[in-house]
Amino acid sequence: MTTAAQLDAADPLARFRDRFVGADTDLVYFDGNSLGRPVAAAADRLGEFVRQDWGGRLIRGWDESWMELPTRLGDDLGRIALGAAAGQSAVGDSTTVWLYKLMRAAVDHAVRTDPRRTEIVIDTDNFPTDRYVAEGVAAERGLTLRWIEVDTSAGVTAAQLAEAVGERTALVVLNHVAYRSAWLADLPELTRVAHAAGALVLWDLCHSAGAVPVALDESDVDLAVGCTYKYLNGGPGSPAFGYVNARLQDELTQPIQGWMGHADPFLMGPGYTPAPGMRRFTSGTPPILGMVAMQSMLELVEEAGIDAIRAKSVALTSYAVELADATLPEVTLASPRDPAIRGGHVTLRHDRMREVTARLWERDVIPDYRDPGGLRIGLSPLSTSFDEVERGIAAVAEALR
């Protein structure tokens with residue numbers, strides 16, 4: 001087995017690790033797919049923003065740059081990580097709000113154009129928020145949920161989706177990377193299956209954006225949402241993003257009609273006129289402070305290149321699986337063994353993993369736990385070393401003993 005030292009020495013992205021706060025400590029961080037480490041440059045960026053932009057420009061900042069930041073940052077994100085041309089992505093709100101807005105807009109459009117389309121197709125292991133929002137939208141609009149039963153160690157296949165969709169399907173909601181197993185869905189093929197049934201498809205990119213290349217335009221995806229505090233390292237509560245394919249922007253009516261999405265936000269008129277393009281899908285005042293830190297990580301992702309980041313991610317998760325196979329004989333791999341269909345994390349299953357996770361946290365080894373019996377190892381490619389992986393798996397073995 002190649003040693004961690006050899007892998008780190010050969011790693012072309014190893015130089016990025018020093019750009020993250022805390023990466024030089026002995027703490028093993030296995031939860032980068034829940035909350036990424038802060039980029040060191042973000043501290044200076046935030047301080048400068050408080051002193052110069054906020055403190056110096058005050059209310060003038062809205063006219064000078066802040067009003068356009070949601071779509072400008074969305075364009076940067078689309079270009080760097082999502083495979084999306086300009087004018088189709090925006091940053092702001094939370095993932096839950098984006099899910100609601102785009103689900104409601106999609107099903108309303110589908111039913112308006114074809115009243116037979118009264119079903120939302122979603123899988124039983126979809127992220128809880130997605131399922132909860134889908135349940136709420138279905139109840140609100142008098143629709144039905146059609147559930148796809150999936151293995152929690154895998155995810156939705158094209159065959160399963162083809163069996164579930166049909167002339168009644170309004171919308172399909174899918175995770176690109178399954179939050180439990182890290183199953184990497186075949187985004188182009190599943191999108192094609194949904195479209196063949198005449199349905200729209202909404203992709204949740206929370207566990208892939210910034211770690212797995214996404215080709216939204218090339219795959220003709222309709223809608224997508226994602227957060228920025230995982231592999232995009234925007235910080236706790238940093239704003240989410242939404243993507244609406246340009247061909248749909250004039251067709252969809254988003255349900256949260258706030259002042260920011262108005263054609264003339266400062267007109268303050270008696271009625272709502274949606275702004276042209278992607279800005280009509282924004283709602284309230286954008287969280288400018290929450291967008292500042294995210295820019296530092298986007299710059300690192302662009303510098304490293306999303307394909308190189310994916311290669312490092314595959315190497316890290318493969319090394320974690322190799323070490324687990326060699327040192328954790330009592331543990332079951334609850335993620336795909338083939339890295340081509342595995343995202344940026346690995347889940348190890350054992351009946352005692354909940355108590356093991358708690359014990360590890362006391363020792364500054366930080367994974368997270370997901371039922372049933374899953375210790376989840378999230379490896380953020382730019383901030384994680386192979387040595388960190390080796391030390392962390394050794395700590396898991398010791399905690400199990």
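**Reading pockets, a core and some loops**

Mentor: Let's begin with a pocket: the lining of the second largest pocket has, by class, five nonpolar, two polar and four charged residues. Here Ala, Val, Leu, Ile, Met, Phe, Trp, Tyr, Cys and Pro count as nonpolar, Asp, Glu, Lys and Arg as charged, and the others, Gly among them, as polar. Please keep in mind that this is a predicted model, where local features need pLDDT of at least 70 and side-chain atom pairs count only at pLDDT 80 or more, while totals for chains, interfaces and linings use all residues. Residues are numbered from 1 along each chain as its sequence is written, and side-chain values use heavy atoms, leaving out hydrogens and water.

Trainee: Which residues line the second largest pocket?

Mentor: On a 1 Å grid over the protein atoms alone, a pocket is an open set of points with protein on both sides within 12 Å along at least five of seven lines, where a 1.4 Å probe fits; lining residues have an atom within 4 Å of a point. In this case the lining is made of Arg-45, Glu-48, Phe-49, Asp-53, Ser-65, Trp-66, Leu-69, Arg-72, Ile-288, Val-292 and Gln-295. Helix H2 (40-57), H4 and H9 each give two or more of them, and H2 gives the most, with four residues. Helices (H or I, at least four residues) and strands (E, at least two) are DSSP runs, numbered from the N terminus.

Trainee: What is the volume of the second largest pocket, and what is that of the largest?

Mentor: A volume is the space filled by probe spheres set on the grid points, which are joined across faces, edges and corners. The second largest pocket has about 180 Å³, and the largest about 240 Å³. The largest pocket is lined by 19 residues, with Thr-95, Phe-127, Cys-206, Tyr-229 and Lys-230 lying nearest its centre. Helix H5 (95-113) and helix H6 (128-141) each contribute two or more residues to that lining. By class, the lining of the largest pocket divides into five nonpolar, eight polar and six charged residues.

Trainee: How many residues does the largest nonpolar core have?

Mentor: In soluble globular proteins, nonpolar side chains tend to be buried together. A nonpolar core is a set of buried Ala, Val, Leu, Ile, Met, Phe, Trp, Tyr and Cys residues joined through side-chain atoms within 4.5 Å. Buried means under 20% relative accessible area, exposed over 50%, and partly exposed in between (1.4 Å probe, protein chains only). The largest core here has 57 residues, and Leu-82, Leu-161, Val-172, Trp-203, Leu-205 and Leu-382 have the most contacts inside it. Elements giving it two or more residues include helix H4 (69-82), strand E5 (169-175) and helix H9 (288-304). H9 supplies the largest share, nine residues.

Trainee: What is Leu-382 in contact with?

Mentor: Contact means heavy atoms within 4.5 Å. Leaving aside neighbours within four places in sequence, the partners of Leu-382 include Leu-13, Phe-16, Met-297, Leu-300 and Ile-309.

Trainee: Is Asn-33 buried or exposed?

Mentor: Asn-33 is buried, at 0% relative accessibility. Asn-33 sits in the loop between strand E1 (28-29) and H2. Not counting residues up to four places away in sequence, Asn-33 touches His-207, Lys-230, Tyr-231, His-345, Arg-376 and Gly-378.

Trainee: What is phi of Asn-233, and what is phi of Met-268?

Mentor: Asn-233 has a positive phi of about 50° although it is not a glycine, and phi of Met-268 is near 55°. Asn-233 is buried, with a relative accessible area of 3%, whereas Met-268 is exposed at 60%.

Trainee: Which residues does a cis peptide bond join?

Mentor: Asp-371 and Pro-372, with omega about 0°. Pro-372 lies in the loop between strand E12 (368-370) and strand E13 (374-378).
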